[in-house]
Structure formats: structure tokens, C-alpha cells
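Hi,

Here is the structure I promised to hand over. Please open it first, then read my notes below.

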Amino acid sequence: MARDTVEIPFDAAHLAHIKLQMLNWSSKFGICLFLDSNEYPDPHGKYECLLAAGAIKTFSGENRQGLENLQDYLSTHQDWIFGHLAYELKDVFEPTLSSTKRINYGFQPFSFFVPEIVLQIPKGKSTLRVESLGASASSVVSEVLAQTDTSSEMLPKISFKSRLNREEYLKMIETLRQHIYDGDCYEITFCNESFSKGTIINPLEVFQKLNKASPAPFAAFYRLKSLALMCSSPERFLQRNGSEILSQPIKGTTARGATKELDNELKAVLAASEKERAENVMIVDLVRNDLAKVSVPGSVEVEELFGVYTFPAVHQLISTISGKLRDKVSLVDILAATFPMGSMTGAPKHRVMQFIEDYETVRRELFSGSVGYISPNGDFDFNVIIRSLFYNEVNTFLSYQTGGAITWGSIPEQEWEEARLKAVVMEQIFEK
């Protein structure tokens, strides 16, 4: 079915306001996904922002057949698809794995939707493009541009409680280090949930505050009926561009400095850190192996190793790995080879996912999963869901998870501090 389409130019100085109007307009829909690159200089990104609203068809479930149904649709329709991959999708691809821990939200292992309306602002352009299967594209533009700022100045004050306190967390890191010493694994990403019960928020307002406090290249606001994701992720999981597949894992973190001199010094320390580089290179090797499963032999290469990138609260080590896809490789083939992302598991992947199930206290659900889009030509781009808040409007439950990669060289106290560093922005927006 052809979409009614219209493009309108706008003043580049009004970009932030246009995005706000898009977000406010999306509140009328029970399902929507807003993806924002926050003007980050990403040479691989195609869109400054994308908004998918409404659903004319959905694909979701807990088994591989549901994914095959999505693949069949992609094979016969050239249209937009948006949605999520939850961490528990691992159980679909690895039948020997299972997830038995507490469920806070109920996100299915995967859920995708064909949107009624897509709004897009391409990278480097001051143009709003609307594609609609329902209302006329022109009427959608009129509705969007008529939106006013209805956000409040302050969010409610909220205190979060951690599943594991500092002492318990330190003991857990020592337990995991013992597994590494015993040769059970090389690196494991361990995470801890912090939560607030009986919390009433407007998820859209929370996302706006979070995105302002911590603008990130893979930010996302996702509403799935009574569930909401507010995401300020700096990490790309996987992008397809024609025959090229690309992943950019993050491993290695340090705080920002209070002065320019200290900031540069901390960047230099991160770049030279033997421990942080060891964390990063182990995941690079894992990603190379994953991509090789679906790539032309010999085509997988590391385009950048140990790149130091700066974000509002932290500096990060990011590496870029790419490959050329083999002919007739499907989306399901690619996901089966690469999900979940190595940066959120560790190595070897299968064994550490068992440890994650053994030692973490709740299901990860969307945390360390992904949201993203598939374009009409079959290209796609998916993030890594970290630095994110999750909300259930029915049971008024709000939470986030943080953690880090544990290696033999990890110092438990420093791991606790790194996890707290990642939590600061998500907590502070409720304190000011």
C-alpha cells in the first residue's frame, strides 16, 4: 500500500522545537517509537530523528516462528518496520537457555509494528518528511506544527532502591572474578537494578528531561500501550546498509573532568588503560566472530579499535567492526548470529549468559536489548538499550539497570563506582 507523502522545509534553528512538537503529537498513540541522534556526528547514521506512530500490523511473540512471520512480511512488502528486541530473545535462539527471574514489565522477547505514520528528518537536512497510511500527510504536518509545549518544569522527586547494596555488589564481583580465575569465562557484564514503586510519572516528560540532561546518539522514547522506555543510549548494536553489516560495541568508561585539562587527562588515561582495552578487545573478538557467521569469508574487519568518544557524563572506548553480508542472509539469520550483543554479555557468550541468569536478581527485559527500525529497502539500525528508564503505568513501577564488564583485573570498589557513575543522570533528573 502506497503511503501519502509530503516534505516541508524548516529553519535549522528550529530543529529542537520541531522534535518537541513531534514528540507531543505522538502522545495520542498507544504505540510509538521516537529515535533521536541529537545531532551527533555519526558518519554511519542516516536520520537526525525518526518517529513511528500507530500500528496497522504487529509481529510479536516468544518463539522463532513469530520472527519467521516477520521475515515473510519483509520478503513480500517494502515498508517501514519499527520495534524492539528484548534480552530474553536469547532463549528463542538458544533453546538451552531460559529466563526464570522476576518480571517487572512483560515486554515480549520481540515486538515489531508497521506504523500508520512515519515522520523523519534526514541527517544534515532541515526537512520534515511525513509518510502516512491513514490521514493525509498534509493534515499530519498541520497537527504536528500546531503542537505546543505542555511539559512541566519539574519532575516528581523520586528515590531509587537498589536490588543489591554496595556490600552485596562487591561480594558478587568477587564471586564473578573467581569464575574468571577458574577459567569458566573471560569477561562477564553484570548488572544491578534500581527501582521505585508506586511512582506516578509522565513518561514523555521524563524522556524530554533525560534527553536534555544526557543527549545521546541513540536516544529513544518507546511507548507500547502501558509500558514505556526512556533511553539515552550512546551505543549502536547493529546497522545494515545494503550488503554491509556494522557493529560498534562500547567497553571502557571513565568520568568527565571538571576542567578541560582534567577532562583531557582522563581521556588519555582511558585510552591507555590496560584493563579497559582488555575489556574492549575481548568484545571486539566476540563481535568479529558473530559477524563472520553471516559475512563473506575474509570480509570482517575492525575499522576502528579503542576510539575514545565523549558524552555529557562519561568518556567511552568504542570500536567499529564491519563485514560484507553473504547473499540471501535474512534478518532472522543476522539476529540469530549476533543477539544479544557481546558488549552486554561477555565472553564466551553462551556461558556468561548462564551466569547472568544465575546471579542477576531480575530479568533484563528491554535493558540490554534493542529498539530500532527497518527501512523499506531492508536496511536497518538498532541501538543497545542502556542508560535507560523503564516504566509500567499499570503497576506504577519505575526502574533502571546499570553495571559493567567484569574481568580478572576488575577492582570491586571501582566497579561499584562505575555503575553509580552511569546512574547519576537517570537519578538526578528527579532531584532537581
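**Cores, cavities and pockets**

The largest nonpolar core holds 64 residues, and F82, Y222 and F237 have the most contacts inside it. Keep in mind that this is a predicted model.

Take Y222. Leaving aside neighbours within four places in sequence, Y222 is in contact with C32, L33, G83, H84, F107, S111, F113, L227, A228, L229, L366 and V371. Another core lies apart from the largest one. That other core has 42 residues, including F29, C49, V206 and F430.

The largest cavity has about 250 Å³ of space. Its lining has 22 residues, and L35, Y47, P217, F218 and D381 lie nearest the centre. β3 gives the most, with four residues. By class, the lining of the largest cavity has eleven nonpolar, four polar and seven charged residues.

The second largest cavity has about 190 Å³ of space. It is lined by 21 residues. Nearest its centre are K251, M344, R387, G403 and K422. At least two lining residues come from each of β8 (187-196), β13 (250-255), β20 (397-406) and α11 (412-428). The largest share is that of β20, with five residues. This lining divides into six nonpolar, nine polar and six charged residues.

Now the open spaces. The largest pocket has a volume of about 740 Å³. It is lined by 25 residues, and Q208, K209, N211, K212 and A213 are the closest to its centre. α1 (15-26), β2, α6 (203-213) and α11 each give two or more residues to the lining. Which element supplies the largest share of the lining of the largest pocket? That is α6, with six residues. By class, this pocket's lining has eleven nonpolar, six polar and eight charged residues.

The second largest pocket has about 310 Å³ of space. Its lining has 18 residues. Q71, L74, R240, N377 and G378 lie nearest its centre. Helix α2 (residues 64-76) gives the most to this lining, with three residues. The classes here are six nonpolar, nine polar and three charged.

Best wishes

How values were computed: Residues numbered from 1 in each chain as written. Predicted model: local features only at pLDDT ≥ 70, side-chain atom pairs only at ≥ 80, totals over all residues. Heavy atoms only, no water. Core = buried A, V, L, I, M, F, W, Y, C linked by side-chain atoms within 4.5 Å. Buried < 20%, exposed > 50% of the residue type's maximum accessible area, 1.4 Å probe, protein only. Contact = heavy atoms within 4.5 Å. 1 Å grid on protein atoms, 1.4 Å probe; cavity = no way out; pocket = protein on both sides within 12 Å on 5 of 7 lines; lining within 4 Å. Points joined across faces, edges and corners; volume = space filled by probe spheres on them. Nonpolar A, V, L, I, M, F, W, Y, C, P; charged D, E, K, R; others polar.
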